[in-house]
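Thanks for coming. I will go through one model today, starting with charged side chains and then moving to the core and the confidence.

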Amino acid sequence: MTRSFRCLIVSVLCLFIWVSPSQAESTKAKKLEETIPMPSKSTADLNTLKRAKVTEDQAINQLKYMMVKGFARMEEDLVRKGSFPPFGLTLLPDGEFKAVIIETDENIPMQVQLIKMVESMETIAKTRAVWAVGVMYIRAIKLDDGSYVQRLIVMTEHIAGWARHWAYPFKVEKGEVKLGKPTETPAKPIYYVNK
């Protein structure tokens, strides 16, 4: 199978594999969720609903909520394997989180998976059917002494026009992921751009 064909398969898989978190993942994130309010559920018909103005604080809280749900999604793999493949984050208008994953038996390099995941998030955002999208992955940073330190990278964007990137130092101790103080960076939206 050629590399370009494998990349095409990965792209197609990313677009159609949205998964809900398991019960175990839901309970692990409970502590963090309590500090970040869940987006309110709407019973209105979303096709006829006019978009309400969302403040920057509200949008960032929704991005944080989506990120917390993403943490629950990756924690088990990080504890068990020491890593996890890049995956996408989506937040639906009713406040439901869904992960976008790559399911394949092929051994595809992480960098290719990340590129395809970013392309998938762009495609999903263009539908304007979700309030927020993001990508979560691990990045190794080389230090001056030649050693590496890993960071958990979370890149998110809200349909209202705000984007945030977080870089978390982390370590796994006694079967638990310990996150350090993140670096938060405001970013320019690239997915939800009015053209």
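By salt bridge I mean a side-chain nitrogen of Lys or Arg within 4 Å of a carboxyl oxygen of Asp or Glu. With that cut-off, the structure, which is a predicted model, holds nine salt bridges. Side chains of opposite charge can pair when their charged atoms come close.

Two of them are in helix 4. Glu-76 meets Arg-80 at 3.9 Å, N to O, and Asp-77 meets Lys-81 at 4.0 Å. Glu-76 and Arg-80 are four residues apart in the helix, so about one helical turn separates them. The spacing of Asp-77 and Lys-81 is likewise four residues, or about one turn. These four residues are linked in a network of salt bridges.

How buried or exposed are they? Arg-80 is exposed at 54% relative accessibility, and Lys-81 is exposed at 56%. Glu-76 is partly exposed at 41%, while Asp-77 counts as buried at 16%.

One more bridge joins Glu-96 and Lys-98, at 3.9 Å. Glu-96 is partly exposed, at 30%.

In soluble globular proteins, nonpolar side chains tend to be buried together. Here the largest nonpolar core has 24 residues, and Phe-71, Met-74, Phe-84, Phe-87, Met-136 and Leu-152 have the most contacts inside it. Helix 4 and strands 2 to 6 each supply at least two of its residues, with the largest share, eight, coming from helix 4. Beyond its neighbours in sequence, Met-74 touches Phe-84, Phe-87, Met-136 and Leu-152. A second, separate core has 17 residues, including Ile-102 and Tyr-191.

Phe-87 also has a charge over its ring: the charged end of Arg-73 sits 5.5 Å from the ring centre.

The search for aromatic pairs finds two. In one of them, the ring centres of Phe-71 and Tyr-168 are 5.3 Å apart with planes at 90 degrees, so the pair is edge-to-face. Phe-71 is in helix 4 and Tyr-168 in strand 6, so the pair ties together parts 97 residues apart in sequence.

Last, confidence. Mean pLDDT is 79, and 72% of residues reach 70 or more. Strand 2 is highest at 96, and helix 1, residues 3-16, is lowest at a mean of 42. Residues 1-36 stay under 50, and residues 42-50 are also below 50. Where pLDDT is low, the predicted coordinates should not be read in detail.

How values were computed. Residues numbered from 1 in each chain as written. Predicted model: local features only at pLDDT ≥ 70, side-chain atom pairs only at ≥ 80, totals over all residues. Heavy atoms only, no water. Core = buried A, V, L, I, M, F, W, Y, C linked by side-chain atoms within 4.5 Å. Buried < 20%, exposed > 50% of the residue type's maximum accessible area, 1.4 Å probe, protein only. Contact = heavy atoms within 4.5 Å. Phe/Tyr/Trp six-rings, centres within 6.5 Å; stacked < 30°, edge-to-face > 60°. Lys NZ or Arg CZ within 6 Å of the ring centre and 35° of its normal. pLDDT = per-residue confidence, 0-100. Lists of a residue's contacts leave out its neighbours within four places in sequence.
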